[in-house]
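Here is a short briefing to read alongside the sequence and the coordinates.

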Amino acid sequence: MTDALNAAGIRADARRERGMLAALAIPSFLILGTLLFVPVGWLFFLSVFGDSGFTLENYTRMVVEPAYASVFLTTFELSGLVTVLAVFLGYPLSYMIALLPPRAASVCLTLVLVPFWTALLVRTYAWLVLLQRRGVVNSLLMNWGVISEPLALVYNFTGTAIGMLHIMIPFLVLPLYANMRAIDRVYVRAAASLGASPTSAFWRVYLPLSLPGLAAGTVMVFVICLGFYVTPQFLGGGRVTTISMKIQSNVATYFDWGAASALGVALLIITAAVFWAFSRLLPLRRLTEIGDA
Amino acid sequence: MPSGALPITVRGLVRRYGRVAALDGIDLDVARGEFLTLLGPSGSGKTTLLMILAGFIRPDAGSIRFGDVEMVRTPPHKRNLGVVFQSYALFPHMDVAANIAFPLVLRHVGATETRRRVQAALDLVQLGPLGSRRVDQLSGGQRQRVALARAIVFDPGILLMDEPLSALDKKLREQMQIELRHLHRRLGTTVIYVTHDQREALTLSDRIAVINHGRVQQIDSPQRLYEAPASHFVADFIGDSTFLNITVCDGVARWRDLAITTAKPMRDGRYLLVLRSEKLMLDKDSSALNRIDAEVIEVVYQGDSVRIDARLAGGEVVTLHELARAGRIASWPSPGDHVRLALDPADTILVPAP
């Protein structure tokens, strides 16, 4: 007998099961394929093929022209600043929510999420109302006598950062909170019993255990910031030009699809590089196993 | 006994959750180097008591002294206690050696000395070569040993253990119990150990405090606790027992119409006779024994012994175990048989009727 009892049939069953699982993923593969890879491929094609055939002109321009350098610099400064501030505001917030009893925690989490459900444009305009020259914030500060002249809080870098920070907080809090919720409090107790003060227990035990969530949130915030368009456009008042705004002006004002495509491709590559750098810096795979330990 | 081992004095410890008193006035004296077990059903308050001793839960009132020092308001990291947690709580982002070195690093012990003491602790728990393993590469029993090594590596005067063996399988658990006994003898640390497993408590302890409803019901040596329980609760919680209502009148103890000879004279009143399954025998025809008629309802062969369930005249069902030894096998009764059970007067245990 060459074949063991029912072996061929059992193998066929396993094969069919795998095939059915793969079939479940086909719709999303199709959508991703047509709506993502085709346009990106087209973008890439546009960026290197001009009227006169193959050219790297769109890319060399990015390196040569100082205007482009300043756009890249602004985008990175803005994204970096917003990410750092989001960490400083979001980490303690997540920590507090994670320590709350479940009911109170879900209320707080909802409060974090409510702005998330409001239209981006509405929130951006709301910041305009708050931050403009005769806006709520300046009026209050002047009434209290804190300042005599209105502060320039909007139509500049500051206003853009404030607006983006507000929008980014949930992106940091959600993954971080999920991570913190999964950290058993017994670890901190164990650290204390071994002689660690609350501060030392935080640095040596809690922070390392929350790093996977912090890394996920940080990457998310930074990457979304890199491609942010609406908020810098409205709160920057023309003084803040990000990569995405440059893409928009290339298309809408100069009808230069080649230059816009090249910027899009550059942004994509930078984003991928950020992801790669983070996954190299943090041994994410090992850290995500903490929950099961 | 190392000079570091400390006695523990607890007075009037109270902890309420809303209207429920988890601890309702606990007084406890633990001698230096003693192994004391807190034994009780779940929800009895034993774990709350341990967590308060460790400093993780604040009591509402009371005093805790380690040696002569009042500790009740001292934060946990200044109590200098070794704690072994039920879930082990090994830090997953550190390897085994780093886990054990953790308390030494916090105490600014030098690198060479730390390495030496970590290795000594690993050797003590028989994990010598596993220092560089990651925590998730260890078996349950190995994690348990690492947790123990980490809790004793800084020579704390007191070791608190919260059901440390409950996650292990039976065979490993029994092996670890014996190892813990040896370890305690070698280290001489004062140990407070929480368990709900009566056999574990009897195996390990110098003394056992039986806790229920947030109070110490009885605190005694394992043997005293088993042979002379002070109350129905203690007699019922420890051991496999059936209770018969006994009345003592004019110095004579009676169950129904049957006179029962007790180990020592009892004052008149109502009692419960504690029938432990291993104290009952099938009648050996000795006139010195108390004898009770019964009808066998179930005979179960259990390998090392035979479990016999029998119904008494009052309807009470008692259990007895006959060792499965040669020569006895032929004489096992069958269900439906009428037998006489014998109880040595020295084995009669009476507790006050509740």
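What percentage of the 293 residues in chain A is buried? Buried residues account for 31% of them. Please bear in mind that this is a predicted model.

**Chain A overall**

- Chain A contains 13 helices and 2 strands.
- Its radius of gyration is 25 Å, whereas a compact globule of 293 residues would be near 19 Å.
- Along the principal axes, the C-alpha atoms of chain A occupy a box of roughly 95 × 70 × 30 Å.
- Among the contacts in chain A with a separation of 6 or more, 73% are between residues 24 or more positions apart.

**Helix α11 of chain A**

- Helix α11 of chain A spans residues 243-252, and its buried residues are A:I243, A:S244, A:M245, A:K246, A:I247 and A:N250.
- The cover over the buried residues of α11(A) includes α3 (66-99), α10 (230-235) and α12 (257-281) of chain A.

**Nonpolar cores**

- The largest nonpolar core has 106 residues, and the members that touch the most others are A:A191, B:L50, B:I100, B:A149, B:L160, B:I192 and B:A209.
- Take B:L160 as one of these: beyond its neighbours within four places in sequence, B:L160 is in contact with B:L50, B:L53, B:A54, B:L81, B:G82, B:V83 and B:I192.
- A second, separate core holds 42 residues, including A:V82, A:Y177, A:L235 and A:A259.

**Where chain B meets chain A**

- On this interface, 19 residues of chain B are in contact with 17 residues of chain A.
- Two or more residues on the chain B side come from each of β6 (81-84) and α2 (96-106) of chain B.
- The element giving the most to that side is α2(B), with 3 residues.
- By type, the chain B side that touches chain A divides into 13 nonpolar, 3 polar and 3 charged residues.

**An open sheet in chain B**

- Four strands of chain B form an open sheet in the order β2-β1-β4-β5, with antiparallel pairing.
- Strands β2 (20-30) and β5 (69-70) of chain B each have a single partner strand and stand at the edges, so one side of each has no neighbour in the sheet.
- Helix α1 (residues 46-54) of chain B packs on this sheet, where it touches β1 (8-17), β2 and β4 of chain B, and its direction makes about 65° with that of β2(B).
- Strand β4 (residues 61-66) of chain B is joined to β5(B) by 2 bridges, and the two run antiparallel; here B:F66 is opposite B:V69.

**Strand β19 of chain B and its partners**

- Strand β19 (residues 338-343) of chain B pairs with β15 (residues 280-282) of chain B in the antiparallel sense, over 3 bridges; B:M281 has B:A342 as its bridge partner.
- Strand β16 (residues 290-301) of chain B also pairs with β19(B) in the antiparallel sense, over 6 bridges, and B:I292 stands opposite B:L341.

**A loop residue, B:D268**

- B:D268 sits in the loop between β13 (258-260) and β14 (269-276) of chain B.
- Is B:D268 buried or exposed? B:D268 is exposed, because 11 other C-beta atoms lie within 10 Å and a count of 12 or fewer is classed as exposed.
- Not counting residues up to four places away in sequence, B:D268 touches B:V248 and B:C249.
- From C-alpha to C-alpha, B:D268 and B:G128 are 62 Å apart in space, and they are 140 residues apart in sequence.

Terms used:
Residues numbered from 1 in each chain as written. Chains lettered and ligands numbered in written order. Predicted model: local features only at pLDDT ≥ 70, side-chain atom pairs only at ≥ 80, totals over all residues. Pairing = 2+ DSSP bridges. Contact = placed C-beta atoms within 7 Å. Axes fitted to C-alpha atoms, helices over the stretch in contact; angles between N-to-C directions. Rg over C-alpha atoms; globule rule 2.2 N^0.38 Å. Buried ≥ 20, exposed ≤ 12 C-beta atoms within 10 Å, placed from the backbone. Core = buried A, V, L, I, M, F, W, Y, C linked by C-beta atoms within 7 Å. Nonpolar A, V, L, I, M, F, W, Y, C, P; charged D, E, K, R; others polar.
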